[in-house]
Amino acid sequence: MKLVTAVVKPHKWEDVRSALEVVGVTGMTVSEVSGYGRQKGHTEIYRGAEYDIALVPKVRIEIVADDAAVDEIVDTILRAAQTGKVGDGKVWVSPVESVVRVRTGDSGPAAV
Amino acid sequence: MPEMLSTALPLVAVDPTTASGDTAWLLAAAALVLIMAPGLAIFYGGMVRAKSVLNMMMMVFGALAVVMVVWILVGYSLAFGDDLGGGLVGDPTQYAAFKGMLEEVPGAPYPITLFATFQGLFAVITVGLIAGAIADRTRFGTWLVFAGLWTVVVYAPVAHWIFDFSAGDHVGGWMANELGALDFAGGTAVEINSGAAGLAAALVLGRRVGFGREPMKPHNLTLVMIGAGLLWFGWFGFNAGSALGATNTAAIVFVNTLLAGCTGLLAWLAVERFRDGHATSFGAASGVVAGLVAITPACGFVTPLGAMAVGVAAGAICAVAIGLKHKLRYDDSLDVVGVHLVGGLVGTILIGFLASSTVNGVDGLLYGGGADQLGKQLVAAGATLAYSFTATVLLVLLLEKTMGFRVDEDDEMAGVDLVIHAETAYDLHTTGGARLHFGPETGNLQS
């Protein structure tokens with residue numbers, strides 16, 4: 001099992017979700033996060049005082065999936081979230097040791 | 001009227017001061033209409049997404065500033081100056097910058113400057129309302145230019161048509177005088193006018209990115225409720241102030257305004273409960289405003305029972321009409337069409353049915369007055385709609401081609417608060433990420 005984590009532009013998250021539903025992903029955890037990378041932050045001005053705001057709002061999507069499904073999930077996220085501009089985000093995959101479904105106690109692939 | 005100065009002075013021993021009671025009420029009423037502008041900013045501000053609430057509020061506040069200045073310079077004169085021909089528009093030079101209006105007129109019911117300022121605040125609200133149709137996607141500078149031009153090209157002429165009554169040597173507008181249509185406080189000039197303009201602007205500028213696909217739900221419904229409350233409060237000045245005196249008519253209008261808000265709320269909630277299964281807070285706020293919109297033209301002509309009927313009709317019809325934009329796919333973002341155009345039509349037309357001579361001397365169809373008044377109401381409503389829509393389409397097109405009216409797609413997605421105003425409404429990252437950067441002018445503050 002793997003954990004797929006994606007950080008994407010907020011207005012792309014609805015596209016990503018729709019595309020993932022098409023390839024059979026039935027659930028995910030989503031958080032509103034902020035961070036920065038190559039995409040510049042911005043300046044805000046309050047009564048003439050300028051503030052450099054480094055953090056850019058993003059959406060983080062986390063999906064625990066069976067090994068066999070991971071490539072398709074990553075591809076799907078890439079296709080749905082890409083605008084070709086700086087700040088499109090990242091997707092990474094990490095190993096997951098175990099998963100247990102709280103309601104049933106099922107573990108392993110049956111729980112994802 | 002200023003021209004009375006030369007003749008009235010030596011002949012009779014009139015009270016040298018203006019009527020203090022009427023003047024006091026009109027002063028208070030004008031202040032009440034003013035608070036409708038921030039009320040509208042809060043009402044609209046809560047409805048948009050968090051990334052554009054400041055821009056929404058700025059559109060209303062910006063319109064307030066621009067429209068009032070333009071009104072004093074030329075708008076009032078266009079609306080209430082002597083008619084230039086055909087009842088279409090007043091003389092723009094006659095009262096330019098309140099020329100010749102400042103001396104006290106003995107025996108006048110109220111100072112003419114006060115009347116003119118009160119009327120100017122109506123123009124402010126009308127322009128502010130249009131902003132709701134094009135939320136989230138317009139350039140602020142172009143909006144301010146639009147606000148000024150629209151006041152001159154659309155609001156002032158329409159106000160002349162319906163609000164400028166002929167008296168003595170003064171010739172007013174065609175709707176109020178030749179046609180004889182009734183509009184107590186602005187069902188045509190304010191509500192149908194802003195609604196038709198909102199539809200035109202929304203159609204020309206196009207839908208927001210993601211309209212109908214992404215959620216665009218109101219970011220703060222408590223603001224919407226507070227805004228609706230402030231609007232209701234201010235609406236007493238709008239309607240009862242239009243009686244232009246502390247009179248029995250003002251009292252009837254006051255209670256009618258209150259009642260139509262109440263029944264508008266109840267009718268909208270009833271539609272929601274049966275259609276969607278739930279009575280919502282957003283529906284309550286919308287129902288109040290729909291009722292108030294519809295009673296605006298009718299408040300001085302119907303009985304309290306009639307006012308309740310107007311509120312019910314507006315609440316129910318507007319609750320259904322707001323669904324049109326999803327069917328027809330035009331992005332009237334905050335339902336200026338569904339509430340103000342439709343509500344304005346409901347109120348203006350219902351005068352033809354519900355006017356009662358016990359209130360103001362005119363009977364509608366249901367009170368045995370025949371269909372005569374109804375026909376006049378339909379002409380006034382149709383003419384306002386057609387002129388406002390056509391003129392606004394042309395004006396928005398002109399500004400889009402010359403200055404650019406709509407923001408870039410990237411800027412729209414990032415949010416107009418940040419891109420246009422360099423501010424965010426809510427500081428949700430207080431722990432970090434903001435570094436005070438002293439610009440070149442203030443650099444020495446560091447030492």
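In the predicted model, chain B and chain A bury about 1500 Å² between them, 53% of it on carbon and sulfur atoms; buried area is the accessible area (1.4 Å probe) that two parts lose on being put together, summed over both. The contact (heavy atoms within 4.5 Å) takes 16 residues from chain B and 17 residues from chain A.

Between chain B and chain A there are 2 salt bridges, each defined as a side-chain nitrogen of Lys or Arg within 4 Å of a carboxyl oxygen of Asp or Glu. B:Arg213 is paired in this way with A:Asp15, and their closest N and O atoms are 2.7 Å apart.

On the side of chain B that touches chain A, the elements that give two or more residues are α16 (409–414) and β1 (434–437) of chain B. Helices (H or I, at least four residues) and strands (E, at least two) are DSSP runs, numbered from the N terminus. Of the elements on this side, β1(B) gives the most, with 4 residues.

Residues are numbered from 1 along each chain as its sequence is written, and chains are lettered from A in the order in which they are written. Local features need pLDDT of at least 70 and side-chain atom pairs count only at pLDDT 80 or more, while totals for chains, interfaces and linings use all residues; side-chain values use heavy atoms, with hydrogens and water left out.
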